[in-house]
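Student: I have a model open and I'd like to learn how to read it. Can you walk me through a few features?

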Amino acid sequence: MNVSKELIKDLDEMYSIQYNNSVSAWLRTFSKKSTKQDMHAITKLITGESLLEHPHNYSASFTEYHPLGAKYNKTYNCICGCTLCDALFKLTHKPTNRTLMVGSICLTQYFNKYFNSNLICGKNNGFCKQCLFPLIKKGKRKNIEITIPFLCNNCNKPQKNYLNISYAEREEFKTNYDICWNPFPIKKWSWFGLFTNIPEGLLSRVISTKII
Ligand SMILES: [Zn+2]
Ligand SMILES: [Zn+2]
C-alpha cells in the first residue's frame, strides 16, 4: 500500500479517516471536530477517482462489513461522514486495490441503486458460495435456479477450475482425472466443468478461498 505521508495526514486531520488494519480498509472515526461530508472529494483523495464519477471502477462486498454502524455505535462513520447508514461495507477501487468502508445507504446512492435491495435478498436467501453475491429468487434480477440453491447463475456454468498440482504429482493426477495444463493466464492445471461437479479427489486442490 503506497500512500504518501501527506495524504495520511490530510485524511486524518480533515476527515478523521485512518487505515484500519483489522478491517484492511480506510475507516472514518466518529469525531466531533471533523464533520465535513464529501463523498466525491474523499474517494478521489484516497483512490484518485471519485466514486461519483467512476462507480464502475469500484466493487462492493456484501459480506465484508462492519456490523456496528453509526446508528448504533458512534465509533465509526461512513467514509463520507454521513450518519445515515447502520452498517459499513468494504468498497474496493479496482485499479488501485484500495479499500474503504462505506455505508449501505451511500452505496445505494452512489455505487449501485440496487445495493440495498440486493443486500436484503442476501440476508433472506444467502449469498453465492463462489462469488458471494446475494442470491435473488425472483423478479428481473433473479440469479438463481432452485435446483442448485447455493450458486448464482453466473457461477453455475462450466468453467476452468484451476488446481494446485505440483510437477512431481502431475502424472498421477493426469491418469486419474481429466485435467489440462494452462500456460495462461496462470501456469496451473485445471479441471473443466461445473463447480458443483468437481471430483472429490480434486476438491482440496482447487485454488479458491471461496470454495464450497
Ligand atoms: Zn455516507
Ligand atoms: Zn456467484
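What follows is a short chat about helix packing, a nonpolar core and a strand pair in this predicted model.

Student: How do I describe two packed helices?

Tutor: Two packed helices are described by the angle between their axes and the distance between the axes. Here, the axes of α3 (residues 104-111) and α4 (residues 115-125) come within 8 Å and cross at roughly 130 degrees. Therefore, α3 and α4 are oblique to each other.

Student: Which residues make the contact between α3 and α4?

Tutor: From α3 you have Ser 104, Leu 107, Thr 108 and Phe 111, and from α4 there are Phe 115, Asn 116 and Leu 119. That's 4 nonpolar, 3 polar and no charged.

Student: And how should I think about a core?

Tutor: In soluble globular proteins, nonpolar side chains tend to be buried together. In this model the largest nonpolar core has 40 residues, and Ile 79, Val 102 and Leu 107 have the most contacts inside it. Helix α3 gives the most to this core, with 4 residues. Leu 107 touches, among others, Ala 60, Phe 89 and Val 102.

Student: What about side chains on a strand?

Tutor: In a regular strand the side chains alternate between the two faces of the sheet. Look at β6: Arg 98, Leu 100 and Val 102 lie on one side, Thr 99, Met 101 and Gly 103 on the other, and all are buried.

Student: How many bridges join β5 to β6?

Tutor: There are 6, and the two strands run antiparallel. His 93 stands opposite Arg 98 in β6. In the hairpin, with 4 residues between the strands, Asn 97 takes a positive phi near 65 degrees.

Key:
Residues numbered from 1 in each chain as written. Chains lettered and ligands numbered in written order. Predicted model: local features only at pLDDT ≥ 70, side-chain atom pairs only at ≥ 80, totals over all residues. Axes fitted to C-alpha atoms, helices over the stretch in contact; angles between N-to-C directions. Parallel < 35°, antiparallel > 145°, perpendicular 65-115°, else oblique. Contact = placed C-beta atoms within 7 Å. Nonpolar A, V, L, I, M, F, W, Y, C, P; charged D, E, K, R; others polar. Core = buried A, V, L, I, M, F, W, Y, C linked by C-beta atoms within 7 Å. Buried ≥ 20, exposed ≤ 12 C-beta atoms within 10 Å, placed from the backbone. Pairing = 2+ DSSP bridges. Lists of a residue's contacts leave out its neighbours within four places in sequence.
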